[in-house]
Structure formats: structure tokens, C-alpha cells
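Hello,

Here is the structure we talked about. Please open it first, then read the notes below.

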Amino acid sequence: MKLLDEAVRIDLFGTDVYAFGLYCAIGAAFALIACGVICRMWNMKKGTAPLFGCLSLILGAVCGRLVFCLMDMELGGLIPLPAWFRIEIGGWSLFGVMGGVFFAAWLTAKLTGQKPLALLDTAACVLPLFITAERLAEARIEGFNISRSLGEDFPDIPFLTVRDEVYGVRFLATYHLAAVLAVILFLGFLLLILRDRRRTGDLWILFLMLAGAGGILLESLRYDHFLEFSFVRFQQVLAAMMLVWGVLLAGKGCRRTQHRWFTGAVIALIVAVGVGIGVEFALDRTRFSHVILYILMIAALAVPVAMGIRMMKKREGNE
């Protein structure tokens, strides 16, 4: 197969392969291995892991491509339908991949007659492995997923900054920051798996909240205009939907017994969304310090996440 000239390639045992694809394949392989271990640990039905793995690969790729084609406005409109099937051009959406994997978990549960929440928990545990590899792969694409210019005086920070050799300016390597956060998320889930008192579905809800809040921040930090139209970053909107969905699910069992916490979490969500929109407008339209603006965003996002976790603990304690 002829590889694209502009794509970064790696010599693998004498064969040229796409660097980005190789990274993603390695991440998918580790995620599938982890999926098999977790399915065995939780005594799921025989054949669950292979079925879930196959569906995840298929639906993850399809949904990732579909979301990209629906949201890419680089040419001023939707990508022409025939180009949707030409996978050698364009790209994928990571949030679309996550949605496809969650859909695969639900579908696997229905096909095997098991609880969807158990497989959604499994998906939440293994997805950070793939996300880590995908983010590291983005380092192989020049100018992709980096921040605004940090200025000539900004210090070099190994692994977290990249430098333009021509102009001498530095950028935050947002892809590496995202990879580090994904590793932390995986290690955290690894510890939670070992807990005896753990409600089925809690890991999935926790993933929605943390990945949603983190996605809002990381998509704001990047400045490569990926899946962006005017001032709207579509993946940031998807991340916000994940956060809202996660907090609402976390408070589902607290609406009657702990209705004040649920009401407070909803208000905190509204405030966080408002602060996020305000920060996005202020970043490039005012002279406010970007550091202060991002501190405000992080604080606003942390409140509904913390309240969601608190509601999950209260629900666990009641039961």
C-alpha cells in the first residue's frame, strides 16, 4: 500500500507504517488485554471480552469517523459524503471513539444478557489506555494539539513544551498533558477496581465527569482549530455534555433523600458552563491574564465534579 508522503512513518521490521496508526494500534491492544483481565476478574460470561473488543474496534472507528465528518467545518461546510469513506484523508474524533466504545459496551451487554453498567465500567477502565497512546501519537503530527504561543521568555519544560526553531517561541504540548492525565485516570481506576464497596456503574459515571471536565479544559488549551467553527470548539461541547450527563447520573439516587445536593450540583453545572463560555471569549478578546482565566475555569469545573463524587458517596453510604 502506498503511504501518504506528508504522514510521519516508522520503519517496523523493514516495513513503513504510519506512526499515528501504530501508536493507536498499540493503545488498542493494551486496552483489549486489560478488557480481558477485567472481564475475567468480574466473572463475566465466556466470550464477553472478545465480543466487546471486536465491537469496540468497529464502532469506535465508525463513530470517531462519523463525528469528525459531521463536525469538520474547515472548508466552510460539511465534508462531501463520498469523502466520508476515504479514511486516508481527514481524521477522527477522539470523543466520537469514546462514544462508540460505550455503545459497544451497551450492545455487548444486550447480546450476552448481562448488565450494561458492568460493561460500561469496563469501558471506562480501559479507555484511558487507548487515550494515552492516541495523545502520544499526536506528537507525530506537526502543529497539532498545541497551545497558543507562550512567548520567547517562557522556559523550556521537558515533555510539556515544544519550541518553534524558526521563531523561537514555545507552545504547550497539550497532547502530552492529556496523555499524563489519562495515565493518572487509569491508575486511579485501577485502585478503585480493587475496592470491595463499589456500586456497578460508578466507574463509568466517574469517567464521564472527569473526562468531561478535563476535555473542556484541554480543548480550550489547544489552538490548532481542530473541529472548530467560528468560536465554537465542537469537541469541547461534547466534553461538556459528558460532564453534565455524569453529574446528573451521579445525583440520580439523591434526588429525594439528598435533593439539596442535587440542586446545588445542577446550579454548579450552569455556573461552570457560564464561566467556561466567558473564559473562551476573554482569552482572545481581552488582556486578562490567561493563567488567571484558566484558574477560574478549573475552579468552576471542579465544583460540579466534586459535588457529583460526594453524591455518589452519599448514595453508597445510604445503601
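**Salt bridges**

The side chains of Arg222 and Glu219 form a salt bridge, 3.3 Å from N to O. (A salt bridge here is a side-chain nitrogen of Lys or Arg within 4 Å of a carboxyl oxygen of Asp or Glu.) Before going on: this is a predicted model, where local features need pLDDT of at least 70, side-chain atom pairs count only at pLDDT 80 or more, and totals for chains, interfaces and linings use all residues. Residues are numbered from 1 along each chain as its sequence is written, and side-chain values use heavy atoms, with hydrogens and water left out.

Arg222 has another partner. Its side chain also meets that of Asp224 in a salt bridge, at 2.8 Å from N to O. Are Arg222 and Glu219 buried or exposed? Both are buried, where buried means under 20% relative accessible area, exposed means over 50%, and partly exposed is in between (1.4 Å probe, protein chains only). For Arg222 the relative accessible area is 2%. Asp224 has 18%, so Asp224 is buried too.

Arg199 and Asp202 make a salt bridge as well, at 3.9 Å from N to O. Arg199 is partly exposed, at 25% relative accessible area. Asp202 is buried, at 8%. Across the whole structure, the search finds seven salt bridges.

Arg135 sits in helix α4, residues 116-137. (Helices are DSSP runs of H or I with at least four residues, strands are runs of E with at least two, and both are numbered from the N terminus.) Its relative accessibility is 6%, so Arg135 counts as buried. Which residues does Arg135 touch, leaving out those up to four places away in sequence? They are Leu94, Asn145, Tyr175, Ala178, Ala179, Glu219 and Arg222. Contact means heavy atoms within 4.5 Å.

The axes of α4 and α6 come within 7 Å and cross at roughly 30°. (Axes are lines fitted to C-alpha atoms, for helices over the stretch in contact, and angles run from 0 to 180 degrees between N-to-C directions.) That makes α4 roughly parallel to α6; angles under 35 degrees count as roughly parallel, over 145 as roughly antiparallel, 65 to 115 as roughly perpendicular and the rest as oblique. From α4, the contact includes Leu117, Leu120, Ala124, Ile131 and Arg135. From α6, Asp202, Leu203, Trp204, Phe207 and Glu219 take part.

**Cores**

The largest nonpolar core has 84 residues. (A nonpolar core is a set of buried Ala, Val, Leu, Ile, Met, Phe, Trp, Tyr and Cys residues joined through side-chain atoms within 4.5 Å.) Helix α6, residues 202-221, gives the most to this core, with 13 residues. Apart from this core lies another, of five residues, among them Ile146, Phe171, Ala173 and Tyr175.

Phe207 is one of the residues with the most contacts inside the largest core.

**Leu59**

Leu59 lies in helix α2, residues 48-71. At 15% relative accessibility, Leu59 counts as buried. Its C-alpha atom is 7.5 Å from that of Phe103, 44 residues apart along the chain. Beyond four places in sequence, Leu59 touches Gly64, Gly100, Phe103, Ala104 and Leu107.

Best wishes
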